[in-house]
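Subject: Structure handover

Hi,

Here is the structure for you to pick up. My notes follow below it.

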Amino acid sequence: ILLVPFMSCGARLPIYGLMTAAFFPRAGGLIVFALYVLALVIAIASGVFLKHSIFKGEPAPFLLELPPYRLPTLHNLWLHVWERVRDFLTRAGTIILAMSIVLWFLQSFDTHLQMVPSTADSILAAAGGAIAPLFAPLGFGVWQAAVALLTGLIAKEAVVSSMSLFYGFAINDGAAAGAAMATTFTPAAALAFLVFCALYTPCIAAIATIRREMGSRKWTAFCLAWQLAVAYAAALVTHLVAGLLL
């Protein structure tokens with residue numbers, strides 16, 4: 001349970017696609033592949049570390065009953081594909097749309113519910129500005145990135161819609177996205193942001209599953225804290241190394 005959230009889910013792919021198209025259009029595929037490999041390496045390293053620290057002791061017996069395996073049928077393939085497509089359309093039409101509406105409201109009004117001419121004076125900017133300094137060592141200590149990461153706790157796809165709203169570009173226009181985000185992001189910061197997004201806390205649905213399976217608030221809190229600490233450390237190293245090389 002502690003290691004599985006490090007594996008990149010499909011919901012993170014839109015973030016990878018946005019940032020690589022904006023800052024690394026010629027090496028996007030290689031960077032996305034590297035992020036998947038990084039997640040795998042981090043999970044293995046975490047497992048080894050936890051095994052020899054917190055879970056040090058006699059190994060517990062592990063039994064797994066394997067189901068009967070059969071050749072897939074076209075009907076079953078269609079059902080599985082449709083379930084995945086329907087799930088994505090449901091999230092795109094509900095969670096992502098709802099989050100976009102909420103974000104629009106928060107970025108258009110201030111704490112006195114007065115419409116503001118600039119997003120920098122909005123409720124969202126005030127909330128993001130309070131936590132943005134925490135990400136300054138990673139290269140993206142701006143309120144836009146901080147708020148986008150917070151919306152990612154609802155659904156990872158919401159990070160993309162948040163960045164699009166804050167910087168004012170079309171999601172499918174990588175050149176425009178790069179030009180807009182270049183005001184607050186450097187290539188090194190973009191890499192660090194990608195690494196952080198690849199490793200940090202999963203969405204609310206995954207957190208609820210972790211809580212249910214662990215049956216403990218303390219273990220759930222430890223799981224989330226561990227993921228955040230590892231993501232922060234990995235992003236910090238990425239930013240420092242990339243800053244020297246790029």
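Where is Leu113 found? Leu113 sits in the loop between α3 and α4. Bear in mind throughout that this is a predicted model. Leu113 is not a glycine, yet its phi is positive, at about 60°. Leu113 has a relative accessibility of 55%, so it counts as exposed, the cut-off being over 50%.

Met115 belongs to the loop between α3 and α4 as well; α3 covers residues 74–108. Is Met115 buried or exposed? Its relative accessibility is 57%, so Met115 counts as exposed. Setting aside residues up to four places away in sequence, Met115 touches Ser108 and Phe109. Pro133 is 18 residues from Met115 along the chain, and their C-alpha atoms are separated by 26 Å.

Overall fold

How many helices and strands does the protein chain have? The count is ten helices and zero strands. In sequence order the pattern reads α-α-α-α-α-α-α-α-α-α. The radius of gyration is 20 Å, close to the 18 Å that the globule rule gives for 246 residues, so the protein chain is as compact as a globular protein of that length. The C-alpha trace spans about 60 × 45 × 40 Å along its principal axes.

Some totals for the protein chain:

- Buried residues make up 40% of the 246.
- Of the contacts with a separation of 6 or more, 67% join residues 24 or more positions apart.
- The accessible surface is about 14200 Å², and carbon and sulfur atoms hold 71% of it.
- There are 13 positive and 9 negative side chains. The centres of these two sets lie 8 Å apart.

The core

In soluble globular proteins, nonpolar side chains tend to be buried together. Here the largest nonpolar core has 61 residues. Which of them touch the most other members? They are Met19, Phe140, Met163, Met181, Phe185 and Phe193. At least two residues of this core come from each of α1 (13–23), α2 (28–51), α4 (123–131), α5 (143–151), α6 (158–167), α7 (174–181), α8 (187–199) and α10 (217–245). The largest share is that of α8, with twelve residues.

With neighbours within four places in sequence left out, Phe185 is in contact with Met19, Phe23, Phe140, Ala145, Met163, Tyr167, Ala190 and Phe193.

Val159 is in helix α6. Why does Val159 count as buried? Its relative accessible area is 1%, and buried means under 20%, so Val159 qualifies. Leaving out neighbours within four places in sequence, the contacts of Val159 are Ile15, Ala148, Thr151, Gly152, Phe193 and Tyr200. Ala205 lies 46 residues from Val159 in sequence, and their C-alpha atoms are 16 Å apart in space.

Cys197 is in helix α8. Cys197 has a relative accessible area of 0%, so it is buried. Which residues is Cys197 in contact with, leaving aside neighbours within four places in sequence? They are Arg12, Ile15 and Leu149. Tyr232 is 35 residues from Cys197 along the chain. The C-alpha atoms of Cys197 and Tyr232 are separated by 9.8 Å.

One in between

Ala182 has its place in the loop between α7 and α8. Its relative accessible area is 47%. Buried needs under 20% and exposed needs over 50%, so Ala182 is partly exposed. How far apart in space are Ala182 and Ala22? The C-alpha to C-alpha distance is 8.8 Å, although Ala182 and Ala22 are 160 residues apart in sequence.

Best wishes

How values were computed
Residues are numbered from 1 along each chain as its sequence is written. This is a predicted model: local features need pLDDT of at least 70, side-chain atom pairs count only at pLDDT 80 or more; totals for chains, interfaces and linings use all residues. Side-chain values use heavy atoms; hydrogens and water are left out. Helices (H or I, at least four residues) and strands (E, at least two) are DSSP runs, numbered from the N terminus. The radius of gyration is taken over C-alpha atoms; the globule rule is 2.2 Å times the number of residues to the power 0.38. Buried means under 20% relative accessible area, exposed over 50%, partly exposed in between (1.4 Å probe, protein chains only). Contact means heavy atoms within 4.5 Å. Accessible areas come from the Shrake-Rupley method with a 1.4 Å probe; for residues, only the protein chains shown count as cover. Lys and Arg count as positive and Asp and Glu as negative; His and the chain ends are not counted. The place of a charge is taken as NZ of Lys, CZ of Arg, CG of Asp or CD of Glu. A nonpolar core is a set of buried Ala, Val, Leu, Ile, Met, Phe, Trp, Tyr and Cys residues joined through side-chain atoms within 4.5 Å.
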